[in-house]
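Here is a protein model to explore by question and answer.

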Amino acid sequence: MRLFWFIFLLVSPSLIAQINWGEYSQSFPQGALDKPETVALILTIPKTNNSFWVTQENSPHFLSLEKDSSFRKIRASNVVARTTFDDSKAHFFLHGVNKNNVQEFEFRVMEYPSQQLLVSWQNIAQLTDEALIKSSALPQMAYLGGYKTSLGNALIVDVRKKGAKKIAATSIVAWETIRPAATGIFTSENLDVFLQKLQYPWARPTSKHIVNYSLDNLQLPANNAHLIFTLNAEIYTKNQVQYQLMHNDRIVRPWRDNEYDNSFIWLKDFSSGRYKIQIRYAVQPQHVTEYAFEVAPHWYQTWWFKTVIAGIGMVVVGLGVFIYLLIRQRRRTQQEMAHKQKLQLELKALYAQLNPHFIFNALSSIQGLINHQNLKGANDYLADFAQLLRETLTQSSQEETSLFQELQTMETYLKLEQLRFGFRYSMEVDTQLDVYATSLPSLLWQPLVENAIKHGISVLQGKGVISVLFQQKGEALCLIIRDNGQGFDTKIPTTGFGLKLTKERIALLNQLNHAQPISLTIETPADLGTQVTLTFNHWFV
């Protein structure tokens with residue numbers, strides 16, 4: 001070291017002693033060990049600290065003391081100064097002092113820059129033992145002990161003869177902060193340069209092989225397989241360097257020792273994404289250096305490729321779902337059509353059963369008129385019956401007919417039955433109803449009107465009354481048929497063929513059209529005969 005410090009590093013084999021001499025570096029003035037009687041301080045610190053002298057050999061404290069004239073005035077010029085970095089103690093030995101003259105010397109230990117005395121001037125109490133004498137190959141020496149302080153401070157060890165003002169020997173050790181720093185970066189592109197430098201450290205690469213990378217925003221191509229950080233220390237064991245690696249903010253390599261006994265970290269085989277590497281030296285694990293870099297994705301890993309693939313996948317899935325839904329809907333439609341056709345055939349069969357029933361009842365009425373010698377009535381009845389039969393045959397091929405046609409057919413039927421039984425009837429239509437635009441299932445009312453006549457007012461003759469009302473209630477159409485007959489118990493099942501067919505027909509119509517169900521209610525109020533109500537729900541939606 002320049003100015004008045006002269007520092008030398010000697011290494012000797014180690015044996016177990018007061019310290020393991022071989023695991024420590026020794027610093028002392030030049031020529032101090034040439035003669036056994038030369039009094040000189042030997043400063044020893046663990047060898048692991050040697051790796052960092054290339055970065056932090058000097059300390060600001062050394063420069064401050066160099067400029068301090070009061071410090072230099074009382075000391076010899078051969079001051080030993082050394083930096084250290086771990087939390088181990090520095091040990092001090094005094095060469096040239098043995099059991100014969102140890103009582104002539106005293107020492108002190110002072111912390112700098114606080115100038116606090118850790119050990120005030122005192123006698124030397126220890127000498128090197130036989131094991132250390134053998135391991136160091138040095139004669140017996142005084143052992144002053146091991147001392148340490150915190151980072152950023154230094155220790156000054158002084159030795160003098162008792163009663164003397166002049167200090168005979170001084171050693172300074174400073175605990176300095178060391179932080180990892182990358183001095184170079186090598187990738188797959190210039191890996192040959194790194195390998196050449198590793199094999200031949202003195203070789204200088206040609207300019208065409210030199211590739212400079214910036215540690216700020218380091219970007220690597222997708223095909224890069226190697227990334228090497230060279231460090232600002234002379235590392236010789238892997239446990240001196242530790243690092244942690246994160247990929248996309250997830251730890252993929254937790255803190256562990258380096259893989260190589262050398263001054264570099266070699267990362268291999270990357271996947272694309274954002275990386276962070278955190279590096280620390282084992283001597284000062286609290287000081288961490290972080291570098292970020294990013295590896296570009298392969299073309300098949302890019303967002304646009306994934307977007308295209310995702311789009312194609314969505315189209316394929318969507319097409320598959322569409323085809324599946326289309327096939328399912330067609331099957332459902334076919335099933336519904338088949339079911340509807342079946343229901344329509346059943347309705348036609350029911351209608352076919354109603355027609356003979358209706359004709360049989362009409363012919364029975366004509367027969368009754370003839371038997372009573374009412375030929376004019378029979379002829380009029382037969383004429384009206386022919387007209388009614390034509391209307392019925394016309395409507396039989398239609399599922400629904402207009403309310404206007406149903407009213408005409410109903411009035412013809414009521415006139416026919418009026419000729420036979422002599423009752424009175426009335427038909428009323430709500431003024432809100434459009435008889436031409438409103439349609440109904442054909443002749444659904446006929447068995448109900450027939451029952452009102454035959455089972456309700458037939459015995460009353462001229463006193464019988466039938467009233468029919470078509471009424472709109474909200475979205476529903478109501479057909480109300482009233483008679484003033486004697487009524488009946490609605491809880492007792494009826495055996496009438498017409499009413500049974502009507503209920504079956506309503507059930508089939510409701511299966512065909514769930515959204516517009518038809519309901520049938522029969523009531524027998526006190527002294528009011530019978531009231532039958534057909535309700536066509538949601539008919540005007």
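**Reading the model**

Q: What kind of model is this?
A: This is a predicted model.

Q: How many helices and strands does the protein have?
A: The protein has nine helices and 26 strands. Buried residues make up 43% of its 541 residues. The accessible surface comes to about 29,000 Å². Carbon and sulfur atoms hold 54% of that surface.

Q: Which share of the contacts with a separation of 6 or more joins residues 24 or more positions apart?
A: The share is 70%.

Q: Why is Ser59 called buried?
A: Buried means under 20% relative accessible area. Ser59 has 2% relative accessibility, so Ser59 counts as buried.

Q: Where is Ser59 found, and what does Ser59 touch?
A: Ser59 is in the loop between strand S3 (40-46) and helix H1 (60-67). Leaving aside residues up to four places away in sequence, Ser59 touches Thr83, Ala174 and Glu176.

Q: Why is the link between the side chains of Ser59 and Glu176 called a polar contact?
A: A polar contact needs a pair of N or O atoms within 3.5 Å, one able to donate a hydrogen and the other to accept it. The side chains of Ser59 and Glu176 are joined at 2.5 Å, so the distance meets the cut-off.

Q: Why does Thr44 count as buried?
A: The cut-off is under 20% relative accessible area. Thr44 is at 0% relative accessibility, so Thr44 counts as buried. Thr44 lies in strand S3.

Q: What does Thr44 touch, not counting residues up to four places away in sequence?
A: Thr44 touches Ile19, Trp21, Tyr24, Ser25, Gln26, Ala90, His91 and Phe93. Take Ser25, which is 19 residues from Thr44 along the chain. The C-alpha atoms of the two are separated by 5.3 Å.

Q: What makes strand S6 mostly covered?
A: S6 spans residues 105-112, and eight of its eight residues are buried.

Q: Which residues of S6 point one way, and which the other way?
A: Phe105, Phe107, Val109 and Glu111 point one way. Glu106, Arg108, Met110 and Tyr112 point the other way. In a regular strand, side chains alternate between the two faces of the sheet. Both sets in S6 are buried.

Q: How do you know that S6 pairs with S10 and with S7?
A: Two strands pair if there are at least two bridges between them. S6 and S10 (residues 154-161) have eight bridges, so they pair, in the antiparallel sense. S6 and S7 (residues 116-123) have five bridges, so they pair too, also antiparallel. Arg108 has Asp158 as its bridge partner in S10. Glu111 stands opposite Gln116 in S7.

Q: What do S6 and S7 form, and which residue in the turn has a positive phi?
A: S6 and S7 form a hairpin with three residues between them. Gln115 in the turn has a positive phi of about 60 degrees.

Q: How do you know that the span of helix H8 is close to the expected one?
A: H8 (residues 446-457) has 12 residues. At 1.5 Å a residue, 16 Å is expected. H8 reaches 16 Å from its first C-alpha to its last.

Q: What makes H8 mostly covered?
A: Nine of its 12 residues are buried. Among them are Leu448, Val449, Ile453 and Ile457.

Q: What does UniProt list for residues 303-327?
A: An unreviewed UniProt entry lists them as "transmembrane region". In the model, the span is 100% helix and 0% strand. Its end C-alpha atoms lie 35 Å apart.

Key
Residues numbered from 1 in each chain as written. Predicted model: local features only at pLDDT ≥ 70, side-chain atom pairs only at ≥ 80, totals over all residues. Heavy atoms only, no water. UniProt positions renumbered as here; feature names shortened; annotations may be inferred. Helix = DSSP H or I, 4+ residues; strand = E, 2+ residues; numbered from the N terminus. Expected span 1.5 Å × (residues − 1). Buried < 20%, exposed > 50% of the residue type's maximum accessible area, 1.4 Å probe, protein only. Contact = heavy atoms within 4.5 Å. Areas by Shrake-Rupley, 256 points an atom, 1.4 Å probe, with all protein chains shown as cover.
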